[in-house]
Amino acid sequence: MGLAADCPEEPYPSLFEDTLPSDSREFAERMSQLRLVPALLGAQVTRFLAARDISVFNWRGRSSGSPATFPGSRGGGGSSYMEEMYFAWLENPQSVHKSWDSFFRKASEEASSGSAQPQLPSVIPESRPTVCSRTKTSKLVEDHLAVQSLIRAYQIRGHHVAQLDPLGILDADLDSFVPSDLITTIDKLAFYDLREADLDKEFQLPTTTFIGGSENTLSLREIIRRLESTYCQHIGLEFMFINDVEQCQWIRQKFETPGVMQFSSEEKRTLLARLVRSMRFEDFLARKWSSEKRFGLEGCEVMIPALKTIIDKSSEMGIENVILGMPHRGRLNVLANVIRKDLEQIFCQFDPKLEAADEGSGDVKYHLGMYHERINRVTNRNITLSLVANPSHLEAVDPVVQGKTKAEQFYRGDAQGKKVMSILVHGDAAFAGQGVVYETFHLSDLPSYTTNGTVHVVVNNQIGFTTDPRMARSSPYPTDVARVVNAPIFHVNADDPEAVIYVCSVAAEWRNTFNKDVVVDLVCYRRRGHNEMDEPMFTQPLMYKQIHRQVPVLKKYADKLIAEGTVTLQEFEEEIAKYDRICEEAYGRSKDKKILHIKHWLDSPWPGFFNMDGEPKSMTCPTTGIPEDVLTHIGNVASSVPLEDFKIHTGLSRILRGRADMIKKRTVDWALAEYMAFGSLLKEGIHVRLSGQDVERGTFSHRHHVLHDQEVDRRTCVPMNHLWPDQAPYTVCNSSLSEYGVLGFELGYAMASPNALVLWEAQFGDFHNTAQCIIDQFISTGQAKWVRHNGIVLLLPHGMEGMGPEHSSARPERFLQMSNDDSDAYPVFTEDFEVSQLYDCNWIVVNCSTPASYFHVLRRQILLPFRKPLIIFTPKSLLRHPEARSSFDQMVSGTSFQRVIPEDGAAAQAPEQVRRLIFCTGKVYYDLVKERSSQGLEEQVAITRLEQISPFPFDLIKQEAERYSGAELVWCQEEHKNMGYYDYISPRFMTILGRTRPIWYVGRDPAAAPATGNRNAHLVSLKKFLDTAFNLQAFEGKTF
């Protein structure tokens, strides 16, 4: 690697020949020194700079034309990074980083001691013999650069050769290729132009490594040994993609510093005891219920001490509340040994004769959640643990956990996440395959969604049900999705418990130091099949032959501790016997239980909201109107700018003037009605949160809850937060372009407290179908499965307005099909029928036709003595429809939500003369009224609106039908017949009418698409069904 071959045949030409001042001797000296640098550095500099993404030039490139240029110069054509450092050092050694100062100084000193030549910084004549005599200095410079590149290579790529698979048969990154810049064999030293003879030479360590500990220099042999020990054993680190130097240095220090993974005897004994509990719990279930599905943790028993370590470390750093989400595998073990659920309550879940005390379907034992407050034994501090119930749909619980965590932080005033945090447990196949993981990660740093860091624990079984990893993902690791948010990823061999515990401790410390996500990848195996009844040898024969030979981690670790004298065999056996006895005693008590209470598994209790039995304190709902002075005050704020010197858009000024004009006339439109509902609840101490795509302004530019200063960038004003001095806070936040993740987040947010109105608005109603999993598995069924009340509100813009198949229908038929009220059961009309009906339903579905109805239904959502999800089909064109206005008289004290708005025109004065009674809901009412007026049928046709569709207002429909006993009954909708509401309302009409009168359908014909994309076709179909609606002979002669 000598310099002879690299020496230029002539003195290196000055890069500044054309500009060198003849009268500047000092400048000439500097240039002379600078010319020496390229010859000294050689090929190693090229590699060193390339590894750092620094442009490299051709050191000897020159031609008869213009001289070689150096990219990255300050002046547009001058020097490389290395030259700049050297030139600056010559000028003033204090002007460069201390590592460069040390490097150049050491090179200079060693060169001086080895020859009679002057030191490197001195003025050196331009001659070939002098340059070539600098071989020793050149070698030193190149070798130091090579060692720095080598260290960086291990930091970046060491994980690729880490020993991560406990089975020793798979590469965790799905690639057996060994990076060429890692010194796995002696011959690879040649990559860096190093030789075996260099192994015992001492090298200065850069500041970007901590492998030296208190030493500044190490031999190359020791450098490689320590790098391999840190990066290529049972821990694989991915963090060098993080673009924050401080964070990278923090991780390097945690893992590179010699001796960091030392555990005391007490810590080792605690770890062994936790492994005993984890493994013996699974063994106990396997013995007692060998033919039951339980989705055991065998093969990753270390997850229990891993989670407990994260919780212990977080508690030590001030965390008081930890919210967990996880799939089914290992869930019972987590409930028993992490959350500390009573064992007898877990064991009684296996009794097939146990009767359910709660209404609803219940759920399988490995889906249930839990809430528990206890003392953390390590820190002796209170800790509240909540495991959120979830469905089989993997990863669906992720955003729900984040939303609940955000809400708990909000109610505690924990803006920095110092008291409340979340832990998410994932499976390897789902973490890579489920898109909601990506959606959830992208919420992690958004101002209104961040939970200030989550610890993600991946149980990497290296298999997904029966699918091999190479068929399950395209990325090297299942965890690569975390790179998008610069989350460090710590891979660890799950058969090395001490490595796992150390990694988890660092992960918890990272989260509570930097408030950022972190991933712990537990590379393990699944000792049984997907469940205990499954046969994995069908599809993974070689893997499972190895698994059957695999010594359990508990035995491995116990043997290690016994061999080193930390515990005795007798102590180990006594620990096992102690936990077995605990399980047996709990099993005995479980046999005495005859009734299963799902409410004992509640993950989000609301203390004080229900009575001691978990029932509503009353079955009444107060009126939802408010005093007129409150309406006026809110209206005045909504039509003004509370901040001084705040310049708003001229178009917005026009909107605010329009609002002020409406307030003077005691009327409201849709936007004002919403403002008054929210504002009045804030006055009563109810937190309101509105989230979704573009909700701050509103998709249809009607809301404008966030004002933007037109002259000061990012200066905003939320007038809703300026209503009263002691009001509750209002949060309105544009979300990321996600439905699944964001709706799940808001559902979790609404779980935390009943005293908040949490709303999610779809940009258009049909966009909710990308969040169908949250709707089906959590919102519709949550109470039935988990006895969990939730008052989330879905705002779904809906209406057939010629806008095409999308952006038209919010698919009301789907929500109505999932409503649980019985279409064939004739109800008993009691005094509290309205409220009781709401209590018995799984959710409430409304389509308001007036701003007042919208105002009242939002307030009723909070004033009810229980919580139910509320689905509101909101308007589009009605937002500005001149007839869609409400008077203050419909909103003042004493008024309430009208489930049905009856005809109040001429037809109502003489109901016996009415020939047709049309029932409808939503926007189509205004089309019907206009058409009726144009045909002069106000006295012959009555129109009644259903504001609440589900639960069905049987009592009020019965009154209307009896009032117009001689009239023909028609249901009119703008949706196609196989969509909308007809299939829901028709059998219920038949029930309440005793099947004595038909309810005829008027609307669009059945179709595959929700709406036409042709404007003319839309108008033609509208005219057609309106003609039918007012053709009083349309159904003559027809039977039903």
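Two strands are said to pair if DSSP finds at least two bridges between them, and the strands and helices themselves are DSSP runs numbered from the N terminus (helices are H or I with at least four residues, strands are E with at least two). This is a predicted model, in which local features need pLDDT of at least 70 and side-chain atom pairs count only at pLDDT 80 or more, while totals for chains, interfaces and linings use all residues. Residues are numbered from 1 along each chain as its sequence is written, and side-chain values use heavy atoms, with hydrogens and water left out.

Strand 19 (residues 793-797) pairs with strand 21 in the parallel sense over five bridges, and Pro-797 stands opposite Thr-874 of strand 21. Strand 20 (residues 844-846) also runs parallel to strand 21, joined to it by three bridges, with Ile-844 having Leu-870 as its bridge partner. From strand 20 the chain passes through helix 28 (residues 851-863) to strand 21 in a right-handed β-α-β crossover; right-handed here means that, with the strands pointing away from the viewer, the path from the first strand over the helix to the second runs clockwise.

In a regular strand the side chains alternate between the two faces of the sheet. In strand 21 (residues 870-874), five of the five residues are buried, a term for under 20% relative accessible area, with exposed meaning over 50% and partly exposed in between (1.4 Å probe, protein chains only). Leu-870, Ile-872 and Thr-874 are buried on one side, and Ile-871 and Phe-873 are buried on the other.

## Aromatic rings

The whole structure holds 39 aromatic pairs, where rings of Phe, Tyr and Trp (its six-membered ring) pair if their centres lie within 6.5 Å, and planes under 30 degrees apart count as stacked, over 60 as edge-to-face and the rest as tilted. One of them joins Trp-250 and Phe-514, edge-to-face at 5.5 Å centre to centre with 85° between the planes. Because Trp-250 lies in helix 7 (residues 245-256) and Phe-514 in helix 16 (residues 497-514), this pair ties together parts that are 264 residues apart in sequence.

Both Trp-250 and Phe-514 are buried. Ring pairs also link Phe-281, Phe-284, Trp-289, Phe-347, Phe-350 and Tyr-587 into a cluster.

## Cysteines

With a disulfide defined as a pair of cysteine sulfur atoms within 2.5 Å, the count comes to zero. The sulfur of Cys-920 has its closest cysteine sulfur in Cys-972, and because these lie 6.8 Å apart they are too far for a bond. Cys-920 is buried, at 0% relative accessibility, and Cys-232 is also buried, with a relative accessible area of 7%.
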